[in-house]
Amino acid sequence: MLKVYLADLVYDTVRTNYAVPLNIAYIAAYVKERYTHDVDIKIFKFPQMLEESIKDAPPDIMGLSNYSWNERLNHVFIKMAKRLNPNVLTVMGGPNIRTDYDGIGLYLSTHKLLDYYILFEGEVSFGNLVRKVLGGSGLLKHPPGCAGLHEGQYRYEPLDLKEIPVEINLPSPYLTGFLDPYLSDPNMIPLFETNRGCPFGCVYCTWGIAALSKVRRRSLNVVYEELDYVAQKSSKQVNWIFCDANFGMFERDVEIAKKIRQ
């Protein structure tokens, strides 16, 4: 069985409020739904727990979310994972990178222990990587959506996000139970996503990238189910965060707001 670790790391040297790892939980739920009996997926938020797991049972694939606040921490763990399992595939994804073709290649050539970088939405691209590994091709071929270097050759075939449906049809990170351990932690703030994309092109914002200009929506019924689920499973956190680029853009957002009040 393929062992997959996904981490959205934060420094835990100062006690503060943290957000549940919704980003990697989306990827975990997607991959688990498609390769149920072939993968063992664990998600992590804190460095110590990831360190213990890597030392106890090094993963076959390790994926890390890449932000300005955890980039250096990520590379420490990539080095650790490669030392304990030289065959581990290391993957990063997230907005803390230049998104032009040459900029991605420069990042990969600068960080030699990083095998792949995934741009923008990660579920399908990471799923493509898992499919390639399960099929036995490993690093020989670059799956769509995953930028990587092989024998010094840079390859990147981006996914066309404009061709995917307006309706977001992804398994819920909450309803699949991946985030239950974090909902029970009172220091963790629940995150919600009701849509993806943004029609505006603000140059200072990741959402302003042309590839993310198409606004897509998640099923209203699933959004309601998640709100009810978190209300029942959480530690009664008083703050919830909505990750939409522009919550309130659609008429249905009024109904969502009413549900939140309820």
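A residue is called buried when its relative accessible area is under 20% and exposed when that area is over 50%, with partly exposed residues in between. In this predicted model, Asn74 has a relative accessible area of 0%, and therefore counts as buried.

**Asn74 and its surroundings**

- Asn74 belongs to helix 3, which is made up of residues 71-84.
- When neighbours within four places in sequence are left aside, Asn74 is in contact with Leu9, Leu64, Ser65, Asn66 and Met92.

**Lys214 and its surroundings**

- Lys214 sits in the loop that runs between strand 12 (195-196) and strand 13 (216-218).
- Not counting residues up to four places away in sequence, Lys214 touches Leu161, Lys162, Ile164, Pro165, Val166, Arg196 and Gly197.
- Ala147 is 67 residues from Lys214 along the chain, and the C-alpha atoms of these two residues are separated by 22 Å.

**The nonpolar cores**

- In soluble globular proteins, nonpolar side chains tend to be buried together.
- The largest nonpolar core in this model has 44 residues, and those with the most contacts inside it are Leu6, Val31, Ile43, Phe126 and Tyr174.
- Helix 1 (residues 22-34) supplies nine residues, the largest share of this core.
- A second, separate core has 25 residues, among them Met62, Phe77, Ile104 and Leu114.
- Tyr174, one of the residues with the most contacts inside the largest core, has contacts beyond its neighbours within four places in sequence that include Val20, Leu22, Asp180, Phe192, Glu226 and Tyr229.

Note on methods. Residues are numbered from 1 along each chain as its sequence is written. This is a predicted model: local features need pLDDT of at least 70, side-chain atom pairs count only at pLDDT 80 or more; totals for chains, interfaces and linings use all residues. Side-chain values use heavy atoms; hydrogens and water are left out. Helices (H or I, at least four residues) and strands (E, at least two) are DSSP runs, numbered from the N terminus. Contact means heavy atoms within 4.5 Å. A nonpolar core is a set of buried Ala, Val, Leu, Ile, Met, Phe, Trp, Tyr and Cys residues joined through side-chain atoms within 4.5 Å. Buried means under 20% relative accessible area, exposed over 50%, partly exposed in between (1.4 Å probe, protein chains only).
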